[in-house]
Amino acid sequence: MQQFKVAITNVLAAPPKGTDLVIFADQRSYVAELDSHQMLASAARYAVRNKVYVVPERFVAADSLCLCMLAPDGSVLGVQRACHHNVGMRENNLMRADEIQPFDTPFGKMALIVDVDINMPQCVRSAVMKGASFIISSQYLPLYDFYEDRINYSVVDAAVTNGVQIAAAIGMGGVITDAKGDFICDYSDDLPIAAVIEPQQTIINKRDMQKAYKLMLAHRELIDQPGEGGVKHE
Amino acid sequence: MNKLNLKTSAFAMSYISNEEKVRDMVRALDIKMRRQPLSHDPNGIKVTAVCLRPQRCKNLSDYIEKMNRYVAEPAAQGSALVAFPELIALETMSLMPRFSSIHADLLKLRKSDIQQQREAFFTVCETVQGFVGEIFLNTFSQLARSHRMIIAAGGMYHLENGKIYNRQYLFSEEGDVIGMQDKLFLSETERRLGVTAGEKLTPGVSRLGKIALLSGATLGHYEPYWIASRMGCRYAVAASSPLGRTHNKLARFRAQEEKLCVIVPGLCGGKEYGLSLSSAAGIYMPRAAAPEQGGVMAETVTEPFVTERVDLASAAQYFDMYSDDKNMRFFQKLISEE
């Protein structure tokens with residue numbers, strides 16, 4: 001797997017030189033379904049023009065909160081629907097996905113983590129168990145609700161618990177961590193921020209993760225009720 | 001490994017210690033017993049994480065006095081639960097006659113092949129289990145009863161049906177064993193030595209509610225804490241091990257995720273055993289309980305213990321709009337991928 005340069009920029013802002021992958025930081029909670037196709041078309045043109053992979057804004061499609069990655073030719077490389085919603089989103093009566101589906105890129109397998117899924121330890125763990133070696137997260141966080149621990153309890157927790165590198169667009173800014181949860185790029189809303197990622201620098205302990213998974217299986221009786229996922233939240 | 005030396009020393013221990021001697025020695029400590037266990041305080045309860053410094057004990061009374069110091073002071077401060085790191089029972093091996101030569105033999109084994117190490121480890125566990133268990137279980141049973149405290153006492157290697165488990169024990173205020181947990185995530189050394197991992201979480205049921213006895217190695221995984229929480233635990237002990245460093249940073253994440261009080265007993269020092277231990281003791285809560293400290297209620301590597309009042313009921317009232325969504329279908333899908 002080759003190294004790559006990831007940048008978190010403002011929406012449609014020119015990427016730093018030599019960037020391979022761009023993640024847009026969007027201060028809106030999502031792009032409405034009505035505008036989604038225009039936003040995606042615009043992001044595809046951006047990918048072609050700048051010859052980069054791009055993860056544009058969170059958007060609503062087919063009654064789901066989504067995040068996607070576009071290839072430099074403008075095609076869709078991977079899409080992920082949110083598995084969990086924040087309170088505001090729950091009011092919108094959206095659907096929720098039941099799994100994280102990593103996808104192949106030239107830089108290794110990646111997973112997109114949508115909005116509050118980064119706060120749910122099972123999401124990144126599931127992505128890593130399925131082979132993801134790099135995590136891209138995009139989360140809505142209003143300015144008035146931002147403090148340092150928001151990053152610790154989401155991005156840093158996910159990185160250090162799973163031994164993966166994470167690039168996360170959070171509210172108006174972004175942060176990039178290594179596999180130990182240390183910051184490669186500290187949180188900043190002075191975008192862009194960029195870092196070169198060595199995909200092999202993960203410290204994933206698959207054996208213990210398997211053990212933890214078996215523990216879940218041994219206690220499968222605790223996962224009882226057919227939950228709310230996959231159906232509209234009431 | 002000089003098996004004869006080991007076996008004769010272990011045999012000699014039957015003269016040095018027995019249940020009655022341990023009981024008498026605890027009585028001789030003149031502990032001021034609480035009339036009854038602490039009642040529920042609306043402002044929460046005090047819990048203690050011990051930061052143990054392993055040292056060789058001169059005699060049985062020395063061992064009991066040492067362990068009592070770790071319990072007596074927290075008890076005097078009003079603590080209801082005190083938690084010790086794992087494998088602390090093995091310190092009683094230092095009471096064996098000719099322990100120095102046995103210890104030197106064990107250190108030499110590091111350079112031998114795996115099979116030899118496994119055999120020697122099995123022999124040691126098989127030989128010392130009787131007196132180690134007797135001293136450890138009786139000491140902590142008596143201390144729990146005398147101080148009217150719940151004690152998560154760490155534990156020992158336990159041989160059962162030809163398999164060795166790293167087992168932790170929970171004692172009630174009456175001195176009864178109310179919980180046992182076989183270590184779920186083994187260290188590399190333990191795997192090499194053929195220790196068998198536990199397969200299920202078996203929380204102890206105490207007056208304070210269910211308490212999960214976990215090891216520091218579980219802190220890297222959300223699953224044990226998710227299970228503990230779903231089983232109704234309010235407290236989880238993540239005991240440090242002499243065989244690896246505990247990453248306390250993770251404890252506050254686990255506490256936040258599952259709204260648990262995570263107690264991490266630490267281990268420091270250990271020079272006398274050829275160890276260099278530096279796992280901090282700490283008490284961790286969901287962030288809402290201590291926003292200024294990021295959920296870290298107390299932490300130490302220098303003090304013998306930390307005691308803190310924790311109020312889970314208040315912390316649970318806090319609603320976090322970003323992490324309170326539940327999607328059980330996610331877990332159903334997860335386990336169906338077996």
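What is the handedness of the crossing of α2(B) and α3(B)? The crossing is right-handed, a term for a near helix turned clockwise from the far one by less than a right angle, with left-handed used for anticlockwise.

This is a predicted model, in which local features need pLDDT of at least 70, side-chain atom pairs count only at pLDDT 80 or more, and totals for chains, interfaces and linings use all residues. Residues are numbered from 1 along each chain as its sequence is written, chains are lettered from A and ligands numbered from 1 in the order written, and side-chain values use heavy atoms, without hydrogens and water.

**Helix pairs**

Helices (H or I, at least four residues) and strands (E, at least two) are DSSP runs numbered from the N terminus. Axes are lines fitted to C-alpha atoms, for helices over the stretch in contact, and angles run from 0 to 180 degrees between N-to-C directions.

| Helix pair | Axis separation | Angle |
|---|---|---|
| α5(A), residues 206-218, and α7(B), residues 223-230 | 9 Å apart | about 20° |
| α2(B), residues 19-28, and α3(B), residues 60-76 | within 10 Å | roughly 55° |

The angle makes α2(B) oblique to α3(B), whereas α5(A) and α7(B) are roughly parallel to each other. Angles under 35 degrees count as roughly parallel, over 145 as roughly antiparallel, 65 to 115 as roughly perpendicular and the rest as oblique. The α5(A) and α7(B) crossing is left-handed. Here A:A212, A:Y213, A:L215 and A:M216 meet B:E223, B:P224, B:W226 and B:I227, in contact (heavy atoms within 4.5 Å).

Within chain B, residues B:K21, B:V22, B:M25 and B:V26 of α2(B) touch B:L60, B:S61 and B:I64 of α3(B).

**Sheet of chain A**

Six strands form an open sheet with mixed pairing, ordered β7-β8-β9-β10-β11-β12 in chain A; strands pair if DSSP finds at least two bridges between them. Strands β7 (103-105) and β12 (183-188) of chain A are at the edges with a single partner each, so one side of each lacks a neighbour in the sheet. Antiparallel strands β11(A) (residues 173-177) and β12(A) are joined by three bridges, and A:I176 faces A:C185 of β12(A).

**Chain interface**

Chains B and A bury about 4,900 Å² between them, 58% of it on carbon and sulfur atoms. Buried area is the accessible area (1.4 Å probe) lost on putting two parts together, summed over both. Of the area that chain B buries against chain A, B:Y322, B:D325 and B:F330 supply 18%, more than any other three residues.
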